[in-house]
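The sequence and model are shown first, and the description follows.

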Amino acid sequence: MSSGCLFCKIVTGMIPVELVYEDDVCIAFPDINPQAPSHTLVVPKEHLESLADVAPDHTELLGKLMAAANEVAKRKNLARGYRIVVNTGAQGGQTVMHLHLHVIGGRHMGWPPG
Ligand code: 5GP
Ligand code: ZN
(Lines give C-alpha, C1' and ligand atoms only; values in the text may rest on other atoms or scores of the structure.)
(Ligands and ions follow the chains in the order given, each with its own letter.)
Protein backbone atom coordinates (compact mmCIF):
# COMPACT_ATOMS: atom_id res chain seq x y z
CA MET A 1 0.00 0.00 0.00
CA SER A 2 1.35 3.37 -1.04
CA SER A 3 -0.55 6.27 0.49
CA GLY A 4 -1.95 8.56 -2.16
CA CYS A 5 -1.88 5.86 -4.83
CA LEU A 6 -5.24 5.60 -6.63
CA PHE A 7 -4.95 1.89 -7.43
CA CYS A 8 -3.87 1.06 -3.85
CA LYS A 9 -7.07 2.76 -2.69
CA ILE A 10 -9.05 0.57 -5.10
CA VAL A 11 -7.17 -2.60 -4.04
CA THR A 12 -7.92 -1.94 -0.36
CA GLY A 13 -11.59 -1.17 -1.09
CA MET A 14 -11.28 2.48 -0.07
CA ILE A 15 -12.61 3.34 -3.53
CA PRO A 16 -15.30 0.85 -4.64
CA VAL A 17 -15.20 -0.69 -8.12
CA GLU A 18 -17.08 -3.36 -10.03
CA LEU A 19 -14.86 -6.44 -9.62
CA VAL A 20 -14.37 -8.34 -12.86
CA TYR A 21 -11.87 -10.79 -11.33
CA GLU A 22 -9.88 -11.29 -8.13
CA ASP A 23 -7.30 -13.79 -6.93
CA ASP A 24 -4.52 -13.85 -4.33
CA VAL A 25 -2.26 -11.43 -6.22
CA CYS A 26 -4.51 -9.11 -8.24
CA ILE A 27 -7.88 -7.55 -8.93
CA ALA A 28 -9.47 -6.53 -12.23
CA PHE A 29 -12.05 -3.79 -12.78
CA PRO A 30 -13.39 -1.69 -15.68
CA ASP A 31 -11.33 1.27 -16.89
CA ILE A 32 -13.17 4.53 -16.13
CA ASN A 33 -12.33 5.86 -19.62
CA PRO A 34 -12.65 2.84 -21.94
CA GLN A 35 -10.73 2.94 -25.23
CA ALA A 36 -12.80 0.11 -26.74
CA PRO A 37 -16.13 -1.64 -26.05
CA SER A 38 -14.31 -3.81 -23.47
CA HIS A 39 -11.51 -2.29 -21.37
CA THR A 40 -10.49 -3.84 -18.07
CA LEU A 41 -7.50 -3.11 -15.82
CA VAL A 42 -5.61 -5.93 -14.08
CA VAL A 43 -3.86 -4.52 -11.00
CA PRO A 44 -1.50 -6.35 -8.63
CA LYS A 45 -2.38 -6.02 -4.95
CA GLU A 46 1.25 -5.26 -4.23
CA HIS A 47 2.25 -1.66 -5.00
CA LEU A 48 4.84 -1.67 -7.78
CA GLU A 49 5.31 1.60 -9.63
CA SER A 50 5.66 0.13 -13.10
CA LEU A 51 7.05 -2.76 -15.12
CA ALA A 52 10.41 -0.99 -14.87
CA ASP A 53 10.37 -1.63 -11.12
CA VAL A 54 9.86 -5.37 -11.09
CA ALA A 55 12.65 -7.52 -9.69
CA PRO A 56 13.59 -11.12 -10.59
CA ASP A 57 11.47 -12.40 -7.70
CA HIS A 58 8.39 -10.86 -9.34
CA THR A 59 8.53 -13.34 -12.22
CA GLU A 60 5.80 -15.52 -10.71
CA LEU A 61 3.62 -12.45 -10.11
CA LEU A 62 4.01 -11.35 -13.74
CA GLY A 63 2.95 -14.79 -14.92
CA LYS A 64 -0.10 -14.67 -12.68
CA LEU A 65 -1.03 -11.22 -13.99
CA MET A 66 -0.91 -12.51 -17.58
CA ALA A 67 -3.02 -15.52 -16.65
CA ALA A 68 -5.48 -13.21 -14.88
CA ALA A 69 -5.67 -11.04 -18.01
CA ASN A 70 -6.59 -14.09 -20.05
CA GLU A 71 -9.27 -15.04 -17.49
CA VAL A 72 -10.64 -11.49 -17.76
CA ALA A 73 -10.76 -11.86 -21.56
CA LYS A 74 -12.79 -15.07 -21.16
CA ARG A 75 -15.20 -13.42 -18.74
CA LYS A 76 -15.58 -10.49 -21.15
CA ASN A 77 -16.27 -12.84 -24.09
CA LEU A 78 -13.21 -11.71 -26.05
CA ALA A 79 -12.78 -15.06 -27.83
CA ARG A 80 -12.16 -13.22 -31.13
CA GLY A 81 -9.06 -11.59 -29.67
CA TYR A 82 -7.85 -8.85 -27.41
CA ARG A 83 -4.87 -6.63 -26.69
CA ILE A 84 -2.77 -6.43 -23.53
CA VAL A 85 -1.09 -3.07 -22.96
CA VAL A 86 1.38 -2.20 -20.19
CA ASN A 87 2.23 1.49 -20.41
CA THR A 88 5.54 1.98 -18.63
CA GLY A 89 6.86 5.32 -17.41
CA ALA A 90 5.82 8.82 -18.41
CA GLN A 91 7.07 8.55 -21.98
CA GLY A 92 5.36 5.18 -22.26
CA GLY A 93 2.05 6.88 -21.55
CA GLN A 94 1.69 5.64 -17.97
CA THR A 95 -0.50 8.01 -15.93
CA VAL A 96 -1.21 5.90 -12.82
CA MET A 97 2.07 4.88 -11.21
CA HIS A 98 0.95 1.47 -9.97
CA LEU A 99 1.69 -1.39 -12.38
CA HIS A 100 -1.36 -2.49 -14.37
CA LEU A 101 -2.32 -4.39 -17.49
CA HIS A 102 -4.98 -3.08 -19.85
CA VAL A 103 -7.15 -5.83 -21.40
CA ILE A 104 -8.76 -4.19 -24.40
CA GLY A 105 -11.10 -5.65 -27.01
CA GLY A 106 -14.57 -5.85 -28.49
CA ARG A 107 -13.46 -4.23 -31.73
CA HIS A 108 -10.62 -4.78 -34.17
CA MET A 109 -7.45 -3.53 -32.53
CA GLY A 110 -5.51 -1.94 -35.40
CA TRP A 111 -2.00 -0.61 -35.29
CA PRO A 112 -1.05 2.14 -34.64
CA PRO A 113 -3.61 2.34 -31.84
CA GLY A 114 -6.62 4.55 -32.32
P1 5GP B 1 -2.17 4.29 -17.80
O2 5GP B 1 -2.38 5.54 -18.60
O3 5GP B 1 -1.42 4.58 -16.52
O4 5GP B 1 -1.60 3.14 -18.56
O5 5GP B 1 -3.61 3.79 -17.40
C6 5GP B 1 -4.32 4.31 -16.34
C7 5GP B 1 -5.76 4.02 -16.62
O8 5GP B 1 -6.49 4.19 -15.42
C9 5GP B 1 -6.40 4.93 -17.67
O10 5GP B 1 -6.85 4.15 -18.77
C11 5GP B 1 -7.53 5.61 -16.92
O12 5GP B 1 -8.70 5.74 -17.70
C13 5GP B 1 -7.75 4.68 -15.74
N14 5GP B 1 -8.25 5.34 -14.56
C15 5GP B 1 -7.84 6.53 -14.04
N16 5GP B 1 -8.52 6.82 -12.92
C17 5GP B 1 -9.39 5.79 -12.72
C18 5GP B 1 -10.36 5.52 -11.72
O19 5GP B 1 -10.56 6.27 -10.76
N20 5GP B 1 -11.07 4.37 -11.84
C21 5GP B 1 -10.87 3.50 -12.88
N22 5GP B 1 -11.63 2.41 -12.91
N23 5GP B 1 -9.95 3.72 -13.83
C24 5GP B 1 -9.21 4.86 -13.76
ZN1 ZN C 1 -0.36 1.61 -5.51
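Are F7 and F29 buried or exposed? Both F7 and F29 are buried, where buried means under 20% relative accessible area, exposed over 50% and partly exposed in between, with a 1.4 Å probe and protein chains only.

The model is predicted: local features need pLDDT of at least 70, side-chain atom pairs count only at pLDDT 80 or more, and totals for chains, interfaces and linings use all residues. Residues are numbered from 1 along each chain as its sequence is written, chains are lettered from A and ligands numbered from 1 in the order in which they are written, and side-chain values use heavy atoms, with hydrogens and water left out.

**The aromatic pair**

Rings of Phe, Tyr and Trp (its six-membered ring) pair if their centres lie within 6.5 Å; planes under 30 degrees apart count as stacked, over 60 as edge-to-face and the rest as tilted. By this rule the count is one aromatic pair. The ring centres of F7 and F29 are 5.7 Å apart and the planes stand at 80°, so this pair is edge-to-face. Because F7 belongs to helix 1 (residues 6-11) and F29 to strand 2 (residues 26-30), the pair ties together parts that are 22 residues apart in sequence. Helices (H or I, at least four residues) and strands (E, at least two) are DSSP runs, numbered from the N terminus.

**The zinc site**

The zinc ion (ligand 2) is coordinated at 2.0 to 2.3 Å by C5 (SG), C8 (SG), H47 (ND1) and H98 (ND1). Donors are N, O and S atoms within 2.8 Å of the metal (3.2 Å for Na, K and Ca); water is not among the atoms, so sites may look incomplete. The angles among the four donor atoms are 105 to 117°, and the site is tetrahedral, a term that requires all angles among four donors to lie between 85 and 135 degrees. Along the chain, the donors of the zinc ion (ligand 2) follow the spacing C-x2-C-x38-H-x50-H. Distant parts of the chain are linked here: C5 is in the segment before helix 1 and H47 in the loop between strand 3 (38-44) and helix 2 (59-75), 42 residues apart. C5 is buried, with a relative accessible area of 8%.

**Ligand 1 and its polar contacts**

The table lists distances from polar protein atoms to an oxygen atom of ligand 1.

| Protein atom | Distance to an oxygen atom of ligand 1 |
|---|---|
| T95, polar backbone atom | 2.7 Å |
| H100, polar side-chain atom | 2.9 Å |
| H102, polar side-chain atom | 2.8 Å |

Taken alone, ligand 1 exposes 520 Å², of which the protein buries 81%; accessible areas come from the Shrake-Rupley method with a 1.4 Å probe.

H102 lies in strand 5 and is buried, with a relative accessible area of 10%. The side chain of H102 makes polar contacts with the side chains of H39 (2.8 Å) and H100 (3.5 Å). A polar contact is a pair of N or O atoms within 3.5 Å; within protein, one must be able to donate a hydrogen and the other to accept it, and residues adjacent in sequence count only if both atoms are side-chain atoms.

**Two loop residues**

Q94 is in the loop between strand 4 (82-85) and strand 5 (101-105) and is buried, with a relative accessible area of 5%. The Q94 side chain reaches the backbone oxygen of E49 at 2.9 Å and that of V96 at 2.9 Å. N77, in the loop between helix 2 and strand 4, is exposed, with a relative accessible area of 66%.

Conventions
Four donors count as tetrahedral if all angles lie between 85 and 135 degrees; four count as square planar and six as octahedral if opposite donors are over 155 degrees apart and all others between 65 and 115; anything else is irregular.
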